[in-house]
Amino acid sequence: MTVTRVYQKTLSQALNHLPLKSIAALLLASASVLGTQAGELEVVLTDSAGQPVAEAVIEIIAPQLPLPADWSLTGAMDQVDKEFVGPVLMVVKNSQVSFPNSDDIHHHVYSYSDTKRFELPLYTGDTAEPVLFDKAGVAVIGCNIHDWMLGYVYVGDSHLMAMSDASGKATLASLPAGDYRFKVWHARARPNDLAQEHLITVSAEGSSSINLQLALTPDRRIRRAPTASGPQY
Ligand SMILES: [Cu+2]
């Protein structure tokens, strides 16, 4: 609902600064590509065993809709009980992401990913500066102290992103009717699934649904250190 409202607002703001001829052309273009009413896109993801795939991100590739003027370019990935909360965070390119530490111990957050290389040396609370993610892609987030801590910042080119829930369902509400291309990301998805683009026609009303299967690689996360004894860092 918000997306459409804000989009319309952005469009009307833009129209104020355009000559009449351009406005007419723009209206024609948006009417044919996007339609005038909004529907819902629902992607249902299962793995090769038919189990729902949670924490997958779908992102619209085209048509690219302008970023709403009041879209928040910030994000936060908390750290609680020596785990990254999420552990997947979706932000639009050029967002500032903070990594608050809600534990009463130090964390040392870093990423070596091409999407964003950074390091936040040992800190507690809200003392670490936010990190600018100015490149689309995925940054794998780790902690130098606790090897098992694993998070992902998914940086979208588009704000039209959604994450699948426990039932494997990712929903984008209030999408202007039209044809869309989208892609799917999951931390354990295989390269050919990641490279694949999907097509869907979103109807003006109701939900347009598509079922997709992802062949996931085995979960090879580092096991968490025992907490019962030993020093606390
Ligand atoms: Cu840590």
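Student: Which residue in β17 is the bridge partner of glutamate 40?
Tutor: Serine 207 is the bridge partner of glutamate 40 in β17. Keep in mind that this is a predicted model.

Student: How many bridges join β1 to β17, and do they run parallel or antiparallel?
Tutor: There are eight bridges between β1, residues 38-47, and β17, and the two strands run parallel.

Student: What is the strand order in the sheet that holds β1 and β17?
Tutor: The order is β14-β1-β17, in an open sheet of three strands with mixed pairing. At its edges are β14 (169-176) and β17 (207-214), each pairing on one side only. On average, neighbouring strands here are turned by 20° against each other, direction ignored.

Student: What holds paired strands together in general?
Tutor: Strands of a sheet pair through backbone hydrogen bonds, and the pairing is either parallel or antiparallel.

Student: Switching topic. Which strands form the open sheet with β7 in it?
Tutor: β3, β7 and β10 form that sheet, in the order β3-β7-β10, and the pairing is mixed.

Student: Why is one side of β3 and of β10 left without a neighbour in the sheet?
Tutor: β3 (74-76) and β10 (131-133) stand at the edges and each has a single partner strand, so one side of each has no neighbour in the sheet. Neighbouring strands of this sheet are turned by 30° against each other on average, direction ignored.

Student: And β7 with β10, parallel or antiparallel?
Tutor: Antiparallel, with three bridges joining β7 (residues 95-98) to β10.

Student: Which residue in β10 stands opposite serine 95?
Tutor: Phenylalanine 133 stands opposite serine 95.

How values were computed:
Residues are numbered from 1 along each chain as its sequence is written. This is a predicted model: local features need pLDDT of at least 70, side-chain atom pairs count only at pLDDT 80 or more; totals for chains, interfaces and linings use all residues. Two strands pair if DSSP finds at least two bridges between them. Helices (H or I, at least four residues) and strands (E, at least two) are DSSP runs, numbered from the N terminus. Axes are lines fitted to C-alpha atoms, for helices over the stretch in contact, and angles run from 0 to 180 degrees between N-to-C directions.
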